Amino acid sequence: MSDRKQYIVSPHPQGWQGKAQGAERASVVAPTKEEAVRETVEIAKNHGNSQVLIKNKAGQFQEERTYGKDPYPPKG
């Protein structure tokens with residue numbers, strides 16, 4: 001199991017949110033998707049081993065960004 005922290009950027013009633021997996025509240029709430037992605041990526045980069053999963057307006061997976069040490073080839 002990885003110690004990689006995941007953040008998810010998804011639609012929010014006030015625009016877009018960036019939220020850590022399992023968190024009750026969003027770390028970022030922004031009016032635009034671009035702003036939410038930018039701020040969430042900064043948080044993820046400061047965490048070290050992390051991953052940002054970006055969803056589209058319909059809530060479907062669109063893109064993934066990984067930061068920190070990413071072992072290659074992956075085990076498993």
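Two strands pair if DSSP finds at least two bridges between them. Helices (H or I, at least four residues) and strands (E, at least two) are DSSP runs, numbered from the N terminus.

The model is predicted: local features need pLDDT of at least 70, side-chain atom pairs count only at pLDDT 80 or more, and totals for chains, interfaces and linings use all residues. Residues are numbered from 1 along each chain as its sequence is written, and side-chain values use heavy atoms, with hydrogens and water left out.

**Exercise 1.** State which secondary structure elements the protein has and in which pattern they follow along the sequence.

Solution. Step one: the protein has 1 helix and 5 strands. Step two: read along the sequence, these elements give the pattern β-β-β-α-β-β.

**Exercise 2.** Determine the strand order of the sheet and identify its edge strands.

Solution. Step one: the 5 strands form an open sheet with mixed pairing, in the order 3-2-1-4-5. Step two: strand 3 (28-30) and strand 5 (61-67) are the edge strands, as each pairs on one side only. Step three: neighbouring strands are turned by 15° against each other on average, direction ignored; axes are lines fitted to C-alpha atoms, for helices over the stretch in contact, and angles run from 0 to 180 degrees between N-to-C directions.

**Exercise 3.** Describe how strand 1 is joined to strand 4 and to strand 2.

Solution. Step one: strand 1 (residues 5-12) and strand 4 (residues 50-55) run parallel and are joined by 5 bridges. Within this pairing, lysine 5 has serine 50 as its bridge partner, and valine 9 stands opposite isoleucine 54. Step two: strand 1 and strand 2 run antiparallel, with 6 bridges between them. Tryptophan 16 in strand 2 is the bridge partner of proline 11, and a hairpin through 2 residues joins strand 1 to strand 2.

**Exercise 4.** Locate helix 1 relative to the strands.

Solution. Helix 1 (residues 33-47) lies across strand 1, strand 2 (15-20), strand 3, strand 4 and strand 5, where contact means heavy atoms within 4.5 Å. Helix 1 runs at about 165° to strand 4.

**Exercise 5.** Report what percentage of the residues of the protein count as buried.

Solution. Of the 76 residues, 30% count as buried, that is, under 20% relative accessible area, with exposed over 50% and partly exposed in between (1.4 Å probe, protein chains only).
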